[in-house]
Amino acid sequence: MIDFLLFKTFITPKVLIIFYIIGAFIIPFFSWLLKIWIQNRYFNQLEFQIKLRYKVFVYTMFMCCFLFMELFWRMAFEMMIAYFDMHDALMALKP
């Protein structure tokens with residue numbers, strides 16, 4: 001407990017994993033809500049004018065953006081966790 005209060009031990013790596021898991025479920029949920037909002041706002045009003053190839057293109061772009069968001073989320077958390085692991089390893093080398 002003393003190490004925690006004196007900032008010699010970080011709780012961040014454990015907390016980062018929890019935030020990653022929460023975000024991994026929240027990002028898809030809000031992406032789905034964004035898709036519904038875009039669909040209701042633009043596609044439903046112009047349903048008769050939009051060709052199938054444009055719909056396929058938009059949905060493909062949405063899926064690509066979604067996958068890149070998830071990939072970026074994962075990479076950002078891996079980088080932060082690696083930073084704290086390096087810090088712990090360097091502190092272990094300290095005499």
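This is a predicted model: local features need pLDDT of at least 70, side-chain atom pairs count only at pLDDT 80 or more; totals for chains, interfaces and linings use all residues.
Local features need pLDDT of at least 70 and side-chain atom pairs count only at pLDDT 80 or more, while totals for chains, interfaces and linings use all residues. Residues are numbered from 1 along each chain as its sequence is written, and side-chain values use heavy atoms, with hydrogens and water left out.

**View 1. Helix H2 packs with helix H3.** H2 covers residues 12-43 and H3 covers residues 52-93. Helices are DSSP runs (H or I, at least four residues), numbered from the N terminus. The angle between H2 and H3 is about 165 degrees, and their axes are 10 Å apart. That makes H2 roughly antiparallel to H3 (roughly antiparallel means an angle over 145 degrees). Axes are lines fitted to C-alpha atoms over the stretch in contact, and angles run from 0 to 180 degrees between N-to-C directions. H2 passes H3 in a right-handed crossing (the near helix is turned clockwise from the far one by less than a right angle). The contact residues divide into 19 nonpolar, 4 polar and 3 charged. Ala, Val, Leu, Ile, Met, Phe, Trp, Tyr, Cys and Pro count as nonpolar, Asp, Glu, Lys and Arg as charged, and the others, Gly among them, as polar.

**View 2. Buried residues of H2 pack against H3.** They are Pro 13, Leu 16, Tyr 20, Gly 23, Ala 24, Ile 27, Ser 31 and Phe 43. Buried means under 20% relative accessible area, exposed over 50%, and partly exposed in between (1.4 Å probe, protein chains only). Contact means heavy atoms within 4.5 Å. The 32 residues of H2 should span 46 Å at 1.5 Å a residue, and the end C-alpha atoms are 43 Å apart, which agrees. The expected span is 1.5 Å times one less than the number of residues.

**View 3. Buried residues of H3 pack against H2.** Lys 55, Phe 66, Glu 70, Phe 77 and Phe 84 make up this set. H3 has 42 residues. From first C-alpha to last, H3 reaches 61 Å, close to the 62 Å expected.

**View 4. Trp 37 sits in helix H2.** This residue is partly exposed, with a relative accessible area of 46%. Trp 37 and Leu 16 are 21 residues apart along the chain. Their C-alpha atoms are separated by 30 Å. Leu 16 is among the buried residues of H2.

**View 5. Val 56 lies in helix H3.** Val 56 is partly exposed, at 46% relative accessible area. Met 69 is 13 residues from Val 56 in sequence. C-alpha to C-alpha, Val 56 and Met 69 are 20 Å apart.

Key. Helices (H or I, at least four residues) and strands (E, at least two) are DSSP runs, numbered from the N terminus. Angles under 35 degrees count as roughly parallel, over 145 as roughly antiparallel, 65 to 115 as roughly perpendicular and the rest as oblique.
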